[in-house]
Amino acid sequence: MTDDEFRPKLGKIGSRSSKAGKRFAGQLRAAVNRAGGKSRRGSHFIGSRVGRGGAAAALLKSRDRYAAFRQRRVVVKARVVKLAGKGADGARAHLRYLQRDGVTRQGEPSELYGPDSDRVDGKDFIDRADGDRHQFRFIVAAEDGIEYEDLKSLTRRLMAQMEEDLGTELDWVAVDHFNTGHPHTHIILRGKDHRGENLVIARDYISSGLRERAAELVSLDLGPRTDREIEQRLRQEMEQERFTSIDRQLLRMRDSDGFVSLDGRDAFRQTLHQGRLRKLERMGLAAEIGSGRWRLDDELEATLRHLGERGDIIKTMHRELTSKGLVRSAADCVVYDAGQNAGPVVGRVIARGLADEINDRHYLIVGGVDGRSHFIDIGKGVATEPMPDGCIVRVTPRNTEPRQIDRTIADIAAANGGRYNVDIHLKHDPSASERFAETHVRRLEAIRRATGGAERQSDGTWMIAPDHLKRVADYERQRAKAEPVVIDTLSPMPLEKQVGFDGATWLDRELVSNEPTALRESGFGREVREAQTRRRQWLIAQGLAHEEQDRIVYRANMISILRQRELNRVAGQLSVELGLPYAEAQSGDRIDGTLRRSVDLAGGKYAVIEKSREFTLVPWRPVLDRHVGKEVSGIIRREGISWTIGLKRSGPSVS
């Protein structure tokens, strides 16, 4: 602490109790609220100026609005991200994704930069932020950003101004994106000030102050907007199918009865409003009641915002498809609605990107076997594992209804005074196994961690509320917001490589399926049909299929033979790499060893379990992701493997 700084300690002089300070802080807030209640505006204390930058935000708000109107427009989106739990992993993934391919003007990966360097190591930034409570994420997009050859100078001046407004040094990194029609900058700011304490920024500064500062700098660089520029942009807004500044003006012009009346005092504004209302009339969002009197649709803003988002999606799809050399008509580009009535989409992953960059929501573009290209919101980036372009997936909407496992818990608890545990379950249903009952406990634990909607007693007994199924439905709806769809990778291998691959492929499973996926004679559906024809010829040449009376007959164990071929081939490669012989695991065998890593096969993912003198391969389970390098043991059963993590048999069990 320097000589000109001090930190007040609330409470009585000499008191070492933190509770006294908290009580005094509460009294102070109450006094501020009372004072605010007596103000002329009748407002109360809402904390919008609490934190650094509150005074600067208030000053910027009080400026001449006409002068602000002439400023260059800048959009600033902001979000505060908590880093506890999975938030830290999300921060790493977000930083990696911001540096993805094709975001510079030359279509190359972008580089992180900072206050003093054009190239910053993202890992060092994440390591410095280890233990931080939160971080700030900003997107800064100047309306005239295309005029800048390089956005770095603008960003550095903006962050220097922000440091001055907040009265502290800031630790930040940024990356510029030029892959859309509006160049923009992503800024990630650590949630610590120069003293290492939590950085708290006033809400007013985040919501408006930073935008005003950015607009000042852009206006200084490019000059204020002229009348001609302002009028030209407003004319362009008249025909747009999105929510515009003219629509915002029209909504403010409504009288107490909800009608808009035009006056002719300003000829340009009259023409502007009249032209926009005629456009809204053609869209069914406005109706003329009398001369110069209009009624606006109650859902005007929501409808226009939805249309604007859809237009942005179609532009994104067109850009991604064009970059891959794929040409699709607008009718073949659809936005997937993950409602409960939505069916599955099976197809090839064309691209993955950020649908909402500030909230880290991702999208997939999938070329479906139905011949259409689907834009699919897949939710939070950390919720879905990375997948290569060209892999084959099935996308289905997440079910938000309670599962059978939830109904079983509710029924057993209802018959036992609202109590549930493994012993109660086995007593209620003697035919159930202990392993089966433990899956119900894990389900309750997942709900408890996410929502607190289940209560566990110290002896391990769960108290199940009478409205348990309603709470479960709320839990599933909450999950669906972050993860609206379920993505199953049917094959990590692109279609073309499957045709001559010596192993079990998705094409093989489709060929022998009793209910194969329906294919259209266009787009990816046609490509699959052609690949199946070539795969049949390969299988015939391998002696795994033959023609019989104008049909193809496949060997009964064809899939097993192909799977074993690939498994043996990969095991041989791993044996050379590890210097250990391969021991094939059979049903009923006990597996004990160290979980080294996973390997991807055409037929699925496998775990490499290393023992002292040999290794084996067993099917991978997602629950093993966080246990690589640990000792594991389990028994191979027909229905799967029940794993025990750690050296002791009594360690945590995962299934």
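Select Ser 633 to start; this residue sits in strand E22, residues 631-637. Helices (H or I, at least four residues) and strands (E, at least two) are DSSP runs, numbered from the N terminus. The model is predicted, so local features need pLDDT of at least 70 and side-chain atom pairs count only at pLDDT 80 or more, while totals for chains, interfaces and linings use all residues. Residues are numbered from 1 along each chain as its sequence is written, and side-chain values use heavy atoms, with hydrogens and water left out.

Ser 633 is buried, at a relative accessible area of 6%. Buried means under 20% relative accessible area, exposed over 50%, and partly exposed in between (1.4 Å probe, protein chains only). Show its surroundings next: apart from neighbours within four places in sequence, Ser 633 is in contact (heavy atoms within 4.5 Å) with Arg 590, Ile 591, Asp 592, Ser 642, Trp 643 and Thr 644.

On a 1 Å grid over the protein atoms alone, a pocket is an open set of points with protein on both sides within 12 Å along at least five of seven lines, whereas a cavity is a set of points where a 1.4 Å probe fits but cannot get out; lining residues have an atom within 4 Å of a point. Grid points are joined across faces, edges and corners, and a volume is the space filled by probe spheres set on the points. This pocket has 20 lining residues, and Ala 585, Tyr 606, Val 618, Pro 619 and Ile 636 lie nearest its centre. At least two lining residues come from each of helix H19 (558-578), strand E21 (615-619), E22 and strand E23 (640-645); H19 gives the most, with 4 residues. By class the lining of this pocket divides into 9 nonpolar, 5 polar and 6 charged residues. Here Ala, Val, Leu, Ile, Met, Phe, Trp, Tyr, Cys and Pro count as nonpolar, Asp, Glu, Lys and Arg as charged, and the others, Gly among them, as polar.

Now select Asp 508, in helix H17 (residues 506-512). Asp 508 is buried, with a relative accessible area of 0%. Its side chain makes a polar contact with the side chain of Arg 535 at 2.8 Å, and reaches the backbone nitrogen of Thr 505 at 2.9 Å. A polar contact is a pair of N or O atoms within 3.5 Å; within protein, one must be able to donate a hydrogen and the other to accept it, and residues adjacent in sequence count only if both atoms are side-chain atoms. Not counting residues up to four places away in sequence, Asp 508 also touches residues including Leu 539, Met 558 and Leu 562.

Move to strand E2, residues 134-142. Because 9 of its 9 residues are buried, E2 is largely enclosed by the rest of the structure. Strand E1 (residues 74-82) runs antiparallel to E2, joined by 9 bridges; strands pair if DSSP finds at least two bridges between them. Val 76 stands opposite Val 140 in E2. E2 also pairs with strand E4 (residues 184-190), in the antiparallel sense over 6 bridges, and Phe 138 stands opposite Ile 187 in E4.

The whole structure holds 1 cavity of 30 Å³ or more, and the largest cavity has a volume of about 80 Å³. Its lining includes Val 140, Leu 154 and Ile 187. E2, helix H6 (152-166) and E4 are the elements that give two or more residues to this lining, which has 8 nonpolar, 4 polar and no charged residues.
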